[in-house]
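Me: Hi! Could you walk me through this protein and its ligand?

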Amino acid sequence: MGWADRPRCDQLPAWGQLRALSQALTTGYDVRAALAGDAGRVARFSQDAPELFADLSKNWIDASIEDTLFDLAEQAGLAAHRDAMFAGERINNTEQRAVLHTLLRAPAGAPQATPALAEALAEVHQTLDAMLAYAEQVRADARITDIVNIGIGGSDLGPQMAVRALDAYAAPGRRLHFVSNVDGHELDAVLRRLKPESSLFLVASKTFTTAETMANARSALSWFQREGGTDVARHFAALSSNVDGARAFGIANIFGFWDWVGGRYSLWSAIGLPIAIAIGAERFRELLAGAHAMDTHFREAPLRSNLPMRLGLLDVWYRNFLQFTSRSIAPYHSALARLPAYLQQLEMESNGKRVDRHGGPLPYGTSPVLWGEPGTNGQHAYFQMLHQGTDVVPVEFVAVREAAHRLPGHQAALLANALAQAQALMQGKADAGGHRDFPGNRPSTFLLLQRLTPRSLGALVALQEHRVFTSGSVWGINSFDQWGVELGKVLAKDIEPRLASGDASGLDASTANLLQRLRG
Ligand SMILES: O=P(O)(O)OC[C@H]1O[C@](O)(CO)[C@@H](O)[C@@H]1O
């Protein structure tokens, strides 16, 4: 039986065993006792992976639970599903598309399973070379001081997150702006500071039809022409798999990609152009190399030491057997400020599904809610709830050992806080007074990077992509479509003219009332 037609995960033997294991944890799993009583626990639940170290030992997990999760992965055909993705099978079944973002970071000429894949890889490298040559050209052009990326969702979140994360590698004197929202305040605030002759607009849209991006691109183009800009070909470029659409818009400089790159998996493609302009071609290649190293790990490491698989299986354990509904991301590096937003799209758009890949409703939970802010800021905001709230929320710390700055004292203070928070969540502190009592035993994972470099960022992001693949695969869903975003788009199109006309016919009473108030 193949991965696509195996029984649903809740009908697999390991699922029942995991249910029994979770029912045995009547008062939760005691991580403190487990750590104190087992000298081998840290080694058993820690591991190296490319560019990072992971400590899972503060989680509600033990050897028998993890072994049963490994059984579940085997029974669910996880490895075969992964291999099908790398082999270019159309695993995105609702759109009949392959899922090959990993090919975007494969080295030129890397052996491929089929001639078609080898050909696709050659095309990837041709486009990459052209895109990186263009990035270098922009970097060398002292007249261009402001680059504006106009895109939304995957055409915004990845580049924005990475540009900020790699700011230490950016050449000074050039500003990158990201405009995503159809809310004109956002574009207006950027345009007010720009001059046409020193601006470059990158219109980033896989489909080149997304309403917000098209509205912003049209407004940017009229501003450019109104302000006396003449050379559209020099000041506008498009990053899109819809080359005809970009051309019809009037853009000549187009960097393409393929339908097998999902929007939220696209920062490695032409969508990564703002990153390449910020950090340069060589550093961009390092970003790809870091991701490729994680791809190789995901492909080749045995299940037991395969970090994306271990994290994804832990996510399944938490979501389906301990009923945790969210995970908090705590990056202890201010340059990773946009990582939680990026991961929200990655995980919640991929795995926020209520039917299996054949369309059958699921009786179990899927994507958790992801949220977070950089540490130490979160500590002074919502960590109260993590320590003393009624719900258990697993926290994923991301810490970076070496700072990119030389300000004395700050890095030690930052790292001490990361460690202390993980420790405090776990240890707790008994106090008879109630209000000052910390129950402790709150689970966390600790990911540790040596430095935040293009390479380590690439590995970190690929790790997250593959852990999302893992949980989605076990759940039997299609992690690569996003039909859930469509209905709101259609309704907005219907409502927009009504705001002008006031026609509320056929609307429900609440929407009709709000429509009239918005008009007034
Ligand atoms: O790159 P595009 O085609 O403009 O799409 C932007 C985003 O919109 C979505 O399709 C959701 O509406 C995302 O999946 C995607 O990343």
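This is a predicted model: local features need pLDDT of at least 70, side-chain atom pairs count only at pLDDT 80 or more; totals for chains, interfaces and linings use all residues.

Me: How many helices and strands does the protein have?
Reply: There are 20 helices and eleven strands, taken as DSSP runs numbered from the N terminus (helices are H or I with at least four residues, strands are E with at least two). The protein's radius of gyration is 24 Å, close to the 24 Å from the globule rule for 520 residues, so it is as compact as a globular protein of that length. That radius is taken over C-alpha atoms, and the rule is 2.2 Å times the number of residues to the power 0.38.

Me: Which residues are closest to the ligand?
Reply: Ser155, Ser205, Thr207, Thr210 and Glu349 are the closest of the 14 residues that surround the ligand, where near means a heavy atom within 4 Å.

Me: And how does that shell divide into nonpolar, polar and charged?
Reply: It has two nonpolar, nine polar and three charged residues. Here Ala, Val, Leu, Ile, Met, Phe, Trp, Tyr, Cys and Pro count as nonpolar, Asp, Glu, Lys and Arg as charged, and the others, Gly among them, as polar.

Me: What about Gln345, how far is its side chain from a ligand oxygen?
Reply: An N or O atom in the Gln345 side chain is 3.2 Å from an oxygen atom of the ligand. For Ser155, an N or O atom of the side chain is 2.6 Å from a ligand oxygen.

Me: Switching topic, where is the cis peptide bond?
Reply: It runs from Gly375 to Thr376, with omega near 10°. Thr376 lies in the loop between strand E9 (369-371) and helix H16 (383-388).

Me: And which residue has a positive phi although it is not a glycine?
Reply: That is Gln96, with phi about 55°. You'll find Gln96 in the loop between helix H5 (78-86) and helix H6 (115-140).

Key:
Residues are numbered from 1 along each chain as its sequence is written. Side-chain values use heavy atoms; hydrogens and water are left out. A polar contact is a pair of N or O atoms within 3.5 Å; within protein, one must be able to donate a hydrogen and the other to accept it, and residues adjacent in sequence count only if both atoms are side-chain atoms.
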